[in-house]
Amino acid sequence: MNFCLSDLVPPLRWSDAARITTLADRPGLPDAWWRTLPLHRVLAVLDAEALGDLLTELALGHWPAAAVGDVLPALHVLDPDEADDPQVAIALDRAGSWHGLLALSGRELADQPFVKARPVLAALFTAVFLRMSPEEAEPVSEPVAESAGPVAEPDDPPEEQIRDIPALIDAAFSDLDDQTWMVAQNRVFADEPSDPEQLAKLLAVPPVVIHDLEAALRDRLSRWLALPEATPYNEHLARLTGTIGAAFPKERFVTAAEWHGRDLPSLEVPAWRFVLATLPGHRLFGDWLVAGDIEELRERTRNLIASAERPPTVPQALEMIGSLGVRPDVARQWLESVPQLRAQKASQIDPDRQQDRQQDRQPGGQQGGLKDVALTRRCFRQPDGRWWLRVDVSGHHLHGGEVPLPSGFAAYVGLAPGEDRTVRSAAGEVGLSWHARPALASLQRILSEVSAEEGSHIFLTLSEEGTLRIRHLPAANGGDETSRALRLVGYTAASGTPEQAARVIATRVGLTAPVERPELLARLRERGDRDLLTLLG
């Protein structure tokens, strides 16, 4: 488990965790342990129950408006039977379903009759950490430097050092001969494998040699996976397999672990390609990683929606495709990616709310639907797979003024021209309307609850169930231009290199493949993100 608590708990990446006193001064744990120390080493000091209690305190004290499943997304793949607790059973009965329970915030849980939020959250969080606990917890011997991240200390034993998974892979495949290395690069670990005959011509060998080299390399890979030293890698693979479900966006797979984006010197390929080659049962089809055949899954999705007794609402459709093995956090993205299904939505899925995009004309003569949310200024796709709108808090907002919404974002959350709606939020009901322009009614109460100030930022979206979710990010105090740019897209971890920062921003504005800086700047100009353009130069 070469990942940290902040890898598992997204709000820790949104929050200024240094100000959360309950995290600091934990005996036996170094500074910033939540983002530097591998979880198996944390669990050697704080057992699963203690860590579950700590996360409960954070959820209720610092993120009361966050859905339980957003605080700890791993709950979505937890078997409910593993959280066998009377208080959980009561809450589950009130919520009606497992996904309904995970969609409730801590505040909403506390408002449910007969439900005690604190023991419910503690039981849920503890169940996840129990599942992740190593059989033999290892002691924490030395603090881990905050800037270094989760790496082994010089005096640690060799078995600890191999938990650096990229180094583990490089050690196993650093001795490939030139021909095998070419086959590895162009066939086994390639994004788009080369034709064997073309590769044979390039190496001036018969095609059968290429086939034999590939077979030998795949056999070597299988034998390595069976070795004891590959255990940390296999643990990562098992966790990943349980997370991605039947369909998973490539962009999220590439960023599923920090080291996925690193290049492996031994093979000169990104680490995620190596992981993909060893992932059982999944294949890459364009922008999607799918178990089986993508066309078959698309057809099953279309048939499932079309065969419904009554036209399903969007939340119902999203719940339905869970039966196909598509995870809740990527269900909407999957639905939007299925050809021929989008055309059915206006008449079949949720016709009364008209959640499909209406025909409209954009400035400059652009037609073909409302401006796509990926091309909408201040809209960013966050790690949960949803698009969030950044609102820069002003005095007007703090004094109760409405919040204008870009039309692309309004369409994304299902608002249609001429429509008035009321949505739930952690601080009561909030009005949405689209008349002269789309807008959200006053957020004064919510802004007050999160102690927002002029110049800070809020990021907002609607959940699958139509609940308004809001995350607050205090204004940056100084910092270099790269860090400030990352903050504007909702990313608060250490900025790393400018190249790494550019990759994060590119992903959050909807660019799925590795892109060069000019392409990123062109996308920002197209969207109108002048503040980011200024910071990135």
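**Notebook: sheet, hairpin and helices**

I began with an open sheet of four strands, in the order β6-β7-β12-β13 with antiparallel pairing. I took two strands as paired if DSSP finds at least two bridges between them. Helices (H or I, at least four residues) and strands (E, at least two) are DSSP runs, numbered from the N terminus.

The model is predicted, so I kept to its limits: local features need pLDDT of at least 70, side-chain atom pairs count only at pLDDT 80 or more, and totals for chains, interfaces and linings use all residues. Residues are numbered from 1 along each chain as its sequence is written, and side-chain values use heavy atoms, with hydrogens and water left out.

**Back to the sheet**

I then followed β12 (residues 457-462), which pairs with β13 in the antiparallel sense over six bridges. In this pair I found phenylalanine 459 opposite arginine 471 in β13. Helix α26 (residues 481-488) packs on the sheet and touches β6, β7 (387-392), β12 and β13. Here contact means heavy atoms within 4.5 Å.

**Hairpin β4-β5**

I noted four bridges in the antiparallel pairing of β4 (residues 282-285) with β5 (residues 288-291). Leucine 284 is set opposite leucine 289 in β5. Two residues lie between the strands of this hairpin, and glycine 286 has a positive phi near 65°.

Next I checked glycine 292, in the loop between β5 and α19 (294-306). The cut-offs I used are buried under 20% relative accessible area, exposed over 50%, and partly exposed in between (1.4 Å probe, protein chains only). Its C-alpha atom is separated by 6.6 Å from that of glycine 281, eleven residues apart along the chain. Leaving aside neighbours within four places in sequence, I listed Gly281, Arg283 and Phe285 as contacts of glycine 292.

**Helices**

I looked at helix α18 (residues 271-278): it is largely enclosed by the rest of the structure, because six of its eight residues are buried. Those buried residues are Ala271, Trp272, Phe274, Val275, Leu276 and Thr278.

Which residues meet between α13 and α14? I found Gln179, Met182, Val183, Asn186 and Arg187 of α13 against Pro196, Leu199, Leu202 and Leu203 of α14.

Technical notes:
Axes fitted to C-alpha atoms, helices over the stretch in contact; angles between N-to-C directions.
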